[in-house]
Amino acid sequence: VNAMLAAVNDCQESIDNVAGKAKPLSTSAGASPTLAGELTRAEYFRLLNARSAAGNQAHPTAAGSACSTGTRVSELQFITQKPSAGIRHPFAVRQVPGNFAAGRTLPPVDRWCQKHRIHAGPVFLSRVGKPLSRVTVWKLLKALCERANVAGKKVFLHNLRHLFARTFYNLEKNISKLADLLGHSSIETTRIYIMESGAEHERLLNKMHLLL
């Protein structure tokens, strides 16, 4: 439930409606969250590789941008390529009203733009030339589930942000920086993204060698 509320809160933050955010449910001390429905790193790369094998990398790159930078899929339409005077290559930025009004440079997207000679304007476009929508990315990822041998129930767009959050936190252990990257106004929202499962707690306890 809290994972779903986090998705709702992300949506409200992206449209500058902080008053519309929902308060996460409190959990009892003995409750152990589960990551059974989370997308793993291996499954994520299987999805990207499955689409690459089909001969079109545009949509995996959009999903990769969401996962590798923490971008909300609803923000993909705001990722644009900006000309840069005095610099050999232009650079891609994400500029979204509200939390990301100042814009952020996205190196992984720069590489994609250089490869496909995108010099200005929106980076991720549909076949008809419009900014790529959430629905289009969702349908394509769902279509790849069987080919990539990934459970369909794991393949929804918000799971990409969860994977980014868990990977970043495991490396940096800096929840404040993670909250900034995700665009969260409250660290309490960010905590939902990095909750560990009961199995992970057991693994850590066994690693401490304090159990009889």
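Student: Which residues does Leu-47 touch, not counting residues up to four places away in sequence?

Tutor: Contact here means heavy atoms within 4.5 Å, and on that basis Leu-47 touches Leu-39, Leu-141, Leu-144, Cys-145, Ala-148, Val-150 and Val-155. This is a predicted model, in which local features need pLDDT of at least 70 and side-chain atom pairs count only at pLDDT 80 or more, while totals for chains, interfaces and linings use all residues. Residues are numbered from 1 along each chain as its sequence is written, and side-chain values use heavy atoms, with hydrogens and water left out.

Student: How many residues has the largest nonpolar core?

Tutor: In soluble globular proteins, nonpolar side chains tend to be buried together. A nonpolar core is a set of buried (under 20% relative accessible area, 1.4 Å probe, protein chains only) Ala, Val, Leu, Ile, Met, Phe, Trp, Tyr and Cys residues joined through side-chain atoms within 4.5 Å. The largest has 29 residues, and Leu-47 and Tyr-44 are among those with the most contacts inside it.

Student: Which helix gives the most to this core?

Tutor: Helices are DSSP runs of H or I, at least four residues, numbered from the N terminus; H5 gives the most, with five residues. Apart from this core lies another of ten residues, including Phe-164 and Ile-192.

Student: Is Lys-154 buried or exposed?

Tutor: Lys-154 counts as buried because its relative accessibility is 13%, and the residue sits in the loop between helix H5 (134-148) and helix H6 (158-172).

Conventions:
Helix = DSSP H or I, 4+ residues; strand = E, 2+ residues; numbered from the N terminus. Buried < 20%, exposed > 50% of the residue type's maximum accessible area, 1.4 Å probe, protein only.
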